[in-house]
Amino acid sequence: MVTSTKVRRRPPWGVYLVLLPTFALLAAFAYYPALNGMVHSLFEWRPGFESPFVGFENYLTMLGDGLWWASFRNIGIIFVWAVTLMWVFPLLAAELVMSLSSERLRFVFRTLLILPLAFPAVVNVLLWQFMYDPRDGVINSLLRAMGLDGLAGNWIGDPDTALVALMTIGFPWVASLPFLVFLSALQNVPAEIYQAAEVDGAGRLRRFWSIDLPMMFRDVKLLFVLAVISVLQYGMQAHIMTGGGPDNATQVPVLRMLDAAFVDTSWGYAAALGTVLFVLTLAVSLVALTLGRKADA
């Protein structure tokens, strides 16, 4: 019996030349700034002036920075919110879209639900900032129109509600990456599995627990890693709407790093904080990926 083996052909070397501009841009705008920041974290960095070497003094200063460590409490709250409530509504929306029998209706609703992703994130934040306005904001205006004046408040100006107000931006969070991931995972489930479940008399809830969730497990692990990275880099919404206030109620590590650089002009210390954030993000991502591989084995 004659057996044939496939010979793996390497792509022409010219193909790799096409990637050179990409690697050059990555080196210039990603790798070099990161390495440069790590180096400057060991100096009392003053751009344009003499910057004396201070070793690990900036990192020792960080150990005594109470505001820096307190900001991780807010990050923890945001992370729990991000992997619970901010996943429930996109998952529910994905299940409802997939429950439609008409392929045309699926396309229409899928398009309508992901269309807001085309809008810049800053526009979304500014829209919610207007909605939260204590005098003319949509939320307080609706509450007053319904006779619920007592519930109206300064949502982003009150330390007790500011963080929740920030996390509520984008509600119900359907126009998001989790929705796209959940929908893609459900679309990849073979139709034969659903047909067999229907023959066995499995209801919608039973199908969700026995088929949908197990089939989405790999995608949920990916979302978890992305959520860790996203939360550690969280700061744009807080920077625009509250600046970390009021009374540091919305302070997060990224904002503390920016304040150290642009308010305190402690550029070396800010570089040290950025380096720690980078190492934390890398370490947590590697641990999550390693645990995910062991679970697949």
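Helices here are DSSP runs of at least four residues, numbered from the N terminus. The model is predicted.

Start with helix H5, residues 103-114. Select Glu103 and Arg106, which both lie in this helix, three residues apart, or about one turn. Show their side chains: Arg106 forms a salt bridge with Glu103, and the closest N and O atoms are 3.8 Å apart. The pair counts because a salt bridge needs a side-chain nitrogen of Lys or Arg within 4 Å of a carboxyl oxygen of Asp or Glu.

Next, select Asp65 and Arg256. Their side chains meet in a salt bridge, with an N to O distance of 3.1 Å. Where do Asp65 and Arg256 lie? Asp65 is in the loop between helix H2 (57-63) and helix H3 (66-82), while Arg256 is in helix H14 (residues 253-263), so the pair ties together parts that are 191 residues apart in sequence.

Is Asp65 buried or exposed? Asp65 is buried, with a relative accessible area of 10%. Arg256 also counts as buried, at 10% relative accessibility.

Asp264 counts as partly exposed, at 39% relative accessibility. Show Asp65, Arg256 and Asp264 together: salt bridges that share partners join them into one network.

That ends the tour: the count comes to three salt bridges.

Definitions and conventions:
Residues are numbered from 1 along each chain as its sequence is written. This is a predicted model: local features need pLDDT of at least 70, side-chain atom pairs count only at pLDDT 80 or more; totals for chains, interfaces and linings use all residues. Side-chain values use heavy atoms; hydrogens and water are left out. Helices (H or I, at least four residues) and strands (E, at least two) are DSSP runs, numbered from the N terminus. Buried means under 20% relative accessible area, exposed over 50%, partly exposed in between (1.4 Å probe, protein chains only).
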